[in-house]
Amino acid sequence: MPAEPVAARIETALRNARGRLDPYWWLVAPLLIVTIGLYLLPLGNILVLSVTDPKPGLDNYERLVTAAGPVKVLMTTLRICAVTTAISIVLGFCVAFAMAHAGDRHQRILLVGVLVPLWISVLVRAFSWLVLLRDQGPVNDWLMRGGLIDEPLALVRNELGVVIGMVHYLIPYAVLPIFAVMRGIDQRLLFASRSLGAGPATTFLKVYLPLTLPGVFAAMVIVFVFGLGFYVTPAILGGGRVVMLAESVSVAILQTVRWGFGAAQSVVLLVLTLVLIGIMGKTVGLKKGFG
């Protein structure tokens, strides 16, 4: 068969493929319509509200960065998310390491142990921690009976309680990306390191740990992004003394009826989330980051 007609046929086929809509898109068309109608349009409305209510301009955004109250809420949110992310990553790395090196049976048990908490309502978990950590709760009771403390520790209605509740919720989101990366590590690299005279600690620090960094970074972004939107856990375990950005949005819209200011806070929350996801996409890749 002559080469020129074949090339012409391929070019014609590609041109036709580009000009024709893949029929599989019709399967997702209803979902796209619902997404645009119920998600993107309200988001656009929030953007408009943030610069038009109560009057056109950037007053709401100016207040976010100049007024003491909103700045404190933003700093509290970022601080709690950073502490929660750091603790979740350390604990999640240990759990993922155990899962990656356990036998098949123990690996399945550990995986179920990581996934089961995701099926329990965040409200139930927050109230459970409130019962455990209150002044007359089991934790303080055990510490006092053991002679470790003389009076109950303040474990709830402060940032400590919020961090404990958030870490418990977010650890699975730290474990899964790290575990996915650990499973893909070529074990021959570790054997090569050991065969060249490196000890277990050196092999772990100079070979294994660097190979896990993409998973660690993806887990950091995911945990931090989830933490930014936490509402129930800070409201219950913070007892009104620890206000994060999501709760501040709720107060602005539902209680003080400042729609424009609440919308501006929502936009800031959305922009922070998109920036972090964008950084993850550029560095680790969205596919690897989300497993």
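The model is predicted, so local features were taken only at pLDDT of at least 70 and side-chain atom pairs only at pLDDT 80 or more, while totals for chains, interfaces and linings use all residues. Residues are numbered from 1 along each chain as its sequence is written, and side-chain values use heavy atoms, with hydrogens and water left out.

The secondary structure comprises 14 helices and zero strands. Helices (H or I, at least four residues) and strands (E, at least two) are DSSP runs, numbered from the N terminus. Along the sequence, the pattern reads α-α-α-α-α-α-α-α-α-α-α-α-α-α. The radius of gyration is 25 Å, well over the 19 Å that the globule rule gives for 291 residues, so the protein is more spread out than a compact globule. This radius is taken over C-alpha atoms, and the globule rule is 2.2 Å times the number of residues to the power 0.38. Along the principal axes, the C-alpha atoms fill a box of roughly 95 × 70 × 35 Å.

Contacts were defined as heavy atoms within 4.5 Å. Among contacts between residues at least 6 apart in sequence, 69% join residues at least 24 apart. Of the 291 residues, 33% are buried. Buried means under 20% relative accessible area, exposed over 50%, and partly exposed in between (1.4 Å probe, protein chains only). The accessible surface of the protein is about 17700 Å². Carbon and sulfur atoms account for 69% of that surface. These areas come from the Shrake-Rupley method with a 1.4 Å probe; for residues, only the protein chains shown count as cover.

Charged side chains number 23 positive and 14 negative. Lys and Arg count as positive, Asp and Glu as negative; His and the chain ends are not counted. The centres of the two sets lie 7 Å apart. Each charge is placed at NZ of Lys, CZ of Arg, CG of Asp or CD of Glu.

Four salt bridges are present. A salt bridge is a side-chain nitrogen of Lys or Arg within 4 Å of a carboxyl oxygen of Asp or Glu. One of them joins Arg79 and Glu159, at 2.5 Å from N to O. Arg79 lies in helix α4 and Glu159 in helix α8 (residues 159-183), so this pair ties together parts that are 80 residues apart in sequence. Arg79 is partly exposed, at 38% relative accessibility. Glu159 is also partly exposed, at 29%. Another salt bridge links Arg188 with Asp186, at 2.9 Å from N to O. Here Arg188 is exposed, at 63% relative accessibility, whereas Asp186 is partly exposed, at 30%. Asp59 and Lys55 also meet in a salt bridge, at 3.5 Å from N to O. Asp59 is partly exposed, with a relative accessible area of 37%.

Helix α4 also holds Thr85. Thr85 is buried, with 6% relative accessibility. Beyond its neighbours within four places in sequence, Thr85 is in contact with Met220, Val223 and Phe224.

Helix α12 spans residues 245-255. Its buried residues are Leu245, Ala246, Glu247, Ser248, Val249, Ser250 and Ala252. The cover over these buried residues includes α4 (68-101), α10 (200-228), α11 (232-237) and α13 (259-283). Val257 follows α12 and has a positive phi, near 55°.
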